Amino acid sequence: MLSSSIQATLAGRFGTSEYGKSKKAGEELFFDYSKETGAKVLVYRFPNLFGKWCRPNYNSAVATFCNAFANDLPYTVNDPSVELELLYIDDLVDEMICALFGKEHHCEFDGVETVMKEDGRYCAATITHKVTLGEIVELLKSFVEQPRTLMIPEIPAGSFAKKLYSTYLSYLPASKVAFPLKMNVDDRGSFTELVHTLNAGQVSINISKPGITKGQHWHNTKFEQFIVVKGHGLIQQRNLNDPDGKVLEWEVSGDKIQAVHMLPGYTHNIINLSETEDLVTVMYCNEIFDPGRPDTFFEKV
């Protein structure tokens with residue numbers, strides 16, 4: 001197997017690349033050897049590689065930027081519009097494992113563009129990402145802000161953003177691995193927001209001291225889930241439109257973890273039934289709290 005380079009296409013900006021010419025010559029030696037001996041050869045023209053633990057300030061712009069943002073170092077972007085084709089290290093390893101088992105993926109090239117083709121002369125990893133330097137920098141800026149905003153960036157499965165986030169984290173110094181959270185503490189216990197998301201709300205942790213009741217409010221549209229992970233408590237809900245005032249109750253415990261929906265239009269609370277132990281509840285809400293539109297109205301169950 002030969003690890004060549006996309007520069008061997010000698011197309012586009014690589015048209016006068018001496019490095020590309022040398023890579024192209026190496027490829028032809030491999031193909032000639034295959035013709036002479038009948039040996040199977042695999043020639044990969046890899047684009048720019050990136051991923052965890054790559055050496056910064058060497059031959060990877062992604063590694064250099066990740067290291068700079070993680071460690072508060074200066075960086076320079078000469079042209080944010082420059083587009084790179086990037087291959088993540090895990091995707092490369094997956095392709096190498098395929099090659100070991102004789103299941104490599106073949107291709108041809110249309111200029112610098114990879115065209116997957118079963119009988120292609122060349123080989124290629126099936127997953128790459130085309131992204132500009134400006135897009136990389138903007139993503140890294142959002143990653144840096146996460147400890148302050150609690151906002152988890154959008155990182156869909158298989159996306160470049162997900163792979164870049166893992167890469168960025170590998171450059172964090174020990175001093176940034178842990179970061180403080182704002183605890184809202186009073187005589188009843190505490191409430192701490194843990195994670196915000198762009199489209200799916202937030203997750204918080206609530207601690208209620210023995211005998212304490214929290215909640216006693218309802219929402220129009222906002223909904224929540226209460227998940228008790230430690231202690232012994234009681235969740236109560238009452239439909240505001242029920243003329244009989246029937247109260248629904250769920251006894252909850254960290255010994256048998258379950259999720260309980262807080263229904264829109266139902267006033268609800270959570271009571272710590274223990275006389276000695278704190279009640280610890282993970283709380284999911286489908287929207288981040290907005291002081292201008294809290295959608296939270298006091299009403300005892």
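## Close-up views of a predicted protein model

**Figure 1. Lysine K35 in the helix α1.** K35 has its place in helix α1, which covers residues 18–37. Helices (H or I, at least four residues) and strands (E, at least two) are DSSP runs that are numbered from the N terminus. The model is predicted, so that local features need pLDDT of at least 70, side-chain atom pairs count only at pLDDT 80 or more, and totals for chains, interfaces and linings use all residues. Residues are numbered from 1 along each chain as its sequence is written, and side-chain values use heavy atoms, with hydrogens and water left out. With a relative accessible area of 69%, K35 is exposed; the classes are buried (under 20% relative accessible area), exposed (over 50%) and partly exposed (in between), with a 1.4 Å probe and protein chains only. K35 and L2 are separated by 33 residues in sequence and by 16 Å in space, C-alpha to C-alpha.

**Figure 2. The protein as a whole.** The secondary structure consists of six helices and 20 strands. The protein has a radius of gyration of 28 Å, whereas a compact globule of 301 residues would have one near 19 Å. This radius is taken over C-alpha atoms, and the globule rule is 2.2 Å times the number of residues to the power 0.38. Along the principal axes, the C-alpha atoms fill a box of roughly 90 × 40 × 35 Å. Of the 301 residues, 38% are buried. Among contacts (heavy atoms within 4.5 Å) between residues at least 6 apart in sequence, 68% join residues at least 24 apart.

**Figure 3. The open sheet of five strands.** The order of the strands is β16-β15-β18-β13-β20, and their pairing is antiparallel. Strands β16 (247–253) and β20 stand at the edges with a single partner strand each, so one side of each has no neighbour in the sheet. Two strands pair if DSSP finds at least two bridges between them. Seven bridges connect β16 with strand β15 (residues 232–239) in the antiparallel sense. In this pair, G233 stands opposite V252 of β16.

**Figure 4. Strand β17 and its partner β14.** In a regular strand the side chains alternate between the two faces of the sheet. Strand β14 (residues 224–230) runs antiparallel to β17, and four bridges join the two. Opposite A259 in β17 stands I227.

**Figure 5. Two residues with positive phi.** Q216 is found in strand β13 (residues 213–218). Its phi is near 60°, a positive value in a residue other than glycine. Q216 is buried, with a relative accessible area of 17%. D295 is not a glycine either, and has a positive phi of about 45°. The place of D295 is the loop between β19 (279–285) and β20 (297–298). Its relative accessibility is 14%, and D295 therefore counts as buried.

**Figure 6. Arginine R121 in a loop.** R121 lies between β6 (113–116) and β7 (122–123), in the loop that links them. Its relative accessibility of 33% makes R121 partly exposed. When neighbours within four places in sequence are left aside, R121 is in contact with K24, E28, F31, C107 and E108. R121 and L164 are 43 residues apart in sequence, and their C-alpha atoms are 31 Å apart in space.

**Figure 7. Alanine A161 in helix α5.** Helix α5 (residues 160–169) contains A161. Is this residue buried or exposed? A161 counts as buried, because its relative accessibility is 10%. Residues up to four places away in sequence not counted, A161 touches L139, F143, E154 and I155. A161 and H261 are 100 residues apart in sequence, and the distance between them in space is 32 Å, C-alpha to C-alpha.
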